[in-house]
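Please keep the sequence and the 3D view open while reading.

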Amino acid sequence: MDDVFFEVTDPKGMVVICTKDCWHNHILSRHESLAAQIETVKLTITNPTYGVYRDANFSDRRIYYYRNPSYPRYMKVVVREDPDRSEVITAYETDSMKPGEKLL
Amino acid sequence: MSAINQLVKMEELDFSRVRRAADDGTRFKGDYDAVDDTLFVYFGERPAEVIVHYLDDFIGLLYDPASFEVVGIQVEAFEHSYVPNHDLSSKWELNDSDRRLLKSTGDLIQASERKVRDVTKEVERITRESLIGRSGNRSLVLV
């Protein structure tokens, strides 16, 4: 599909895509420093060193991937889980997880 | 697998920009991401890089990693949870009067921007109360 910016597979074998629209219009428009971190974003999904978590409030559709920090941050990638096409919703840096997140 | 630890404590963050914004009446800027259902509110200009410091499952402070200065907040699950939980539906949802004025995409964009502005003011008020309540120290945080 020509709207796919990148496609990767997570450790459980789930294919995750990121569309061009998501990358340019949602992620970079609000987190422009991630422009230079595209490979880190992909690695966060393929090799989430801090694991994969499910959201307490969106248990049916949101999962989070974390990768190792460079102080004071973790890379966090938010994915909407879908049997047909799991998609990156957003990505950003955080210094912690949310209290309600559960490790999968 | 390593645990995710809290890397920065709230006491390490610098709230001077928020205090200045409150003192000089700086308009807070709202930006709603409909895909992620997240409202971003900035206290002045947004830096190129921000880190999220979660206060709870919905609200995170946004700070500049170079200075640890708090520059805004993000509210997750905004439409799904925050709006109904804070009785903001009347400000967020389109009413009959709004709908009658919608004739074009331009009208829709104007209405959206107006709604975001209106609700940003409410989020600003709620956030101040929330932060002051958490810190227990008005001078430390916002006012």
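In this predicted model, strand β5 (residues 73–80) of chain A pairs with β6(A) in the antiparallel sense over 7 bridges, and these two strands form a hairpin with 5 residues between them. Within that pairing, A:Val78 stands opposite A:Thr90 in β6(A). Strand β6 itself, which spans residues 86–94 of chain A, is mostly covered, with 7 of its 9 residues buried.

Strand β2 (residues 15–19) of chain A pairs with β6(A) in the parallel sense over 2 bridges, and here the bridge partner of A:Ile17 is A:Glu87. Another pairing reaches into the other chain, where 2 bridges join β6(A) to strand β3 (residues 51–54) of chain B, again with the strands parallel. The table lists the pairings of β6(A) described here.

| Strand paired with β6(A) | Residues | Sense | Bridges |
|---|---|---|---|
| β5(A) | residues 73–80 | antiparallel | 7 bridges |
| β2(A) | residues 15–19 | parallel | 2 bridges |

The contact as a whole takes 27 residues from chain A and 21 residues from chain B. On the side of chain B that touches chain A, β3(B) gives the most, with 4 residues, and by class this side has 12 nonpolar, 4 polar and 5 charged residues.

Chain B as a whole has 5 helices and 5 strands, and from the N terminus on its elements run α-β-β-β-β-β-α-α-α-α. Of the 143 residues in chain B, 29% are buried. Among the contacts in chain B with a separation of 6 or more, 53% are between residues 24 or more positions apart.

Helix α2 (residues 78–85) of chain B has as its buried residues B:Phe78, B:Tyr82 and B:Val83. Why do these residues lie on the same side of α2(B)? They cover an arc of only 95° around the axis, which puts them on the same side of the helix. In general, an α-helix has 3.6 residues a turn, so residues three or four places apart point the same way. The buried residues of α2(B) pack against β1 (29–33), β2 (38–42), β5 (70–75) and α3 (89–92) of chain B, whereas the face turned away from the buried side carries the exposed residues B:Pro84 and B:Asn85. Just after α2(B), B:Asp87 takes a positive phi of about 55°.

The mean pLDDT of chain B is 80, and 87% of its residues reach 70 or more. Among the elements of chain B, β3(B) has the highest mean pLDDT (94), while helix α5 (residues 105–135) has the lowest (72). Over residues 135–143 of chain B the pLDDT is below 50, although this stretch has 16 contacts in the model beyond near neighbours in sequence. Where pLDDT is low, the predicted coordinates should not be read in detail.

Methods:
Residues are numbered from 1 along each chain as its sequence is written. Chains are lettered from A and ligands numbered from 1 in the order in which they are written. This is a predicted model: local features need pLDDT of at least 70, side-chain atom pairs count only at pLDDT 80 or more; totals for chains, interfaces and linings use all residues. A residue is buried if 20 or more other C-beta atoms lie within 10 Å of its own, exposed if 12 or fewer, and partly exposed in between; C-beta atoms are placed from the backbone. Two residues are in contact if their C-beta atoms, placed from the backbone, lie within 7 Å. Two strands pair if DSSP finds at least two bridges between them. Ala, Val, Leu, Ile, Met, Phe, Trp, Tyr, Cys and Pro count as nonpolar, Asp, Glu, Lys and Arg as charged, and the others, Gly among them, as polar. The arc is that of the directions from the helix axis to the C-beta atoms. pLDDT is the predictor's confidence in each residue, from 0 to 100.
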